[in-house]
Amino acid sequence: MADERFRRPADHEKLLQDLCSKDGPFSAMYEAMMFAAALGKQKRKRDEFKNTGEPIDLARVERRDFGEALIDMLAVVDQPDDATILSDDRIKERIRIFEEYANGGLNYLQGELNASGRRDLTTLVSGLVMEALTATPAEEKNNIVTDLLGDGALDW
């Protein structure tokens, strides 16, 4: 996978820059994209996009703990009846799924910022992380950890 790149949605360049600024919660855009993809999955927001910013080397994600696993798990949860989604020749499809969930997560973050009228991204991101970590059993169906690690929905 090291030669592959993933796209950033151009509509969210400013948000990504803010997420990675000196006051932002992330130190690099690929980290913000990883968070956004997990958030997009949790919020069930997978949004296609056409306009792209500068692509990012997939190797950056692969070097992060669980980075490659996140991309693979998103694809498996998105395509639970298709075990071949993890085959080497379908990496571009897995990357597209990751990109679209990241775009969905960024859309959600932007919506929260617009609704609240505040610009404190660190507080917003921290709140979303705490929300995911403290989900009650009734909310568990919306819990990203349950979605990604639960194997009950897989037939293979």
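## Helix α6

In this predicted model, helix α6 buries Leu-121, Leu-124, Val-125, Leu-128 and Ala-132. Viewed down the axis of α6, these buried residues fall within an arc of 95 degrees, so they line one face of the helix. An α-helix has 3.6 residues a turn, so residues three or four places apart point the same way.

Helix α6 runs over residues 121-133, 13 residues in total. From first C-alpha to last, α6 reaches 18 Å, close to the 18 Å expected at 1.5 Å a residue. At the start of this helix, Asp-120 places a side-chain oxygen within 3.4 Å of the backbone nitrogen of Thr-122.

## The largest nonpolar core

The largest nonpolar core holds 39 residues, of which Phe-6, Leu-19, Met-33, Phe-98, Leu-106 and Leu-109 touch the most other members. Two or more residues of this core come from each of α1, α2, α3 (58-62), α4 (67-78), α5 and α6. Helix α5 gives the largest share, ten residues.

Leu-109 belongs to this core. With neighbours within four places in sequence left aside, Leu-109 is in contact with Leu-15, Leu-19, Phe-35, Leu-39, Leu-124 and Leu-128. Leu-124 and Leu-128 are among the buried residues of α6.

## Asn-103 in helix α5

Asn-103 also lies in helix α5. Its relative accessibility is 5%, and buried means under 20%, so Asn-103 counts as buried. Leaving aside neighbours within four places in sequence, the contacts of Asn-103 are Pro-9, His-12, Asp-47, Glu-48 and Phe-49.

Notes
Residues are numbered from 1 along each chain as its sequence is written. This is a predicted model: local features need pLDDT of at least 70, side-chain atom pairs count only at pLDDT 80 or more; totals for chains, interfaces and linings use all residues. Side-chain values use heavy atoms; hydrogens and water are left out. Helices (H or I, at least four residues) and strands (E, at least two) are DSSP runs, numbered from the N terminus. The expected span of a helix is 1.5 Å times one less than its number of residues. Buried means under 20% relative accessible area, exposed over 50%, partly exposed in between (1.4 Å probe, protein chains only). The arc is that of the directions from the helix axis to the C-beta atoms. A polar contact is a pair of N or O atoms within 3.5 Å; within protein, one must be able to donate a hydrogen and the other to accept it, and residues adjacent in sequence count only if both atoms are side-chain atoms. A nonpolar core is a set of buried Ala, Val, Leu, Ile, Met, Phe, Trp, Tyr and Cys residues joined through side-chain atoms within 4.5 Å. Contact means heavy atoms within 4.5 Å.
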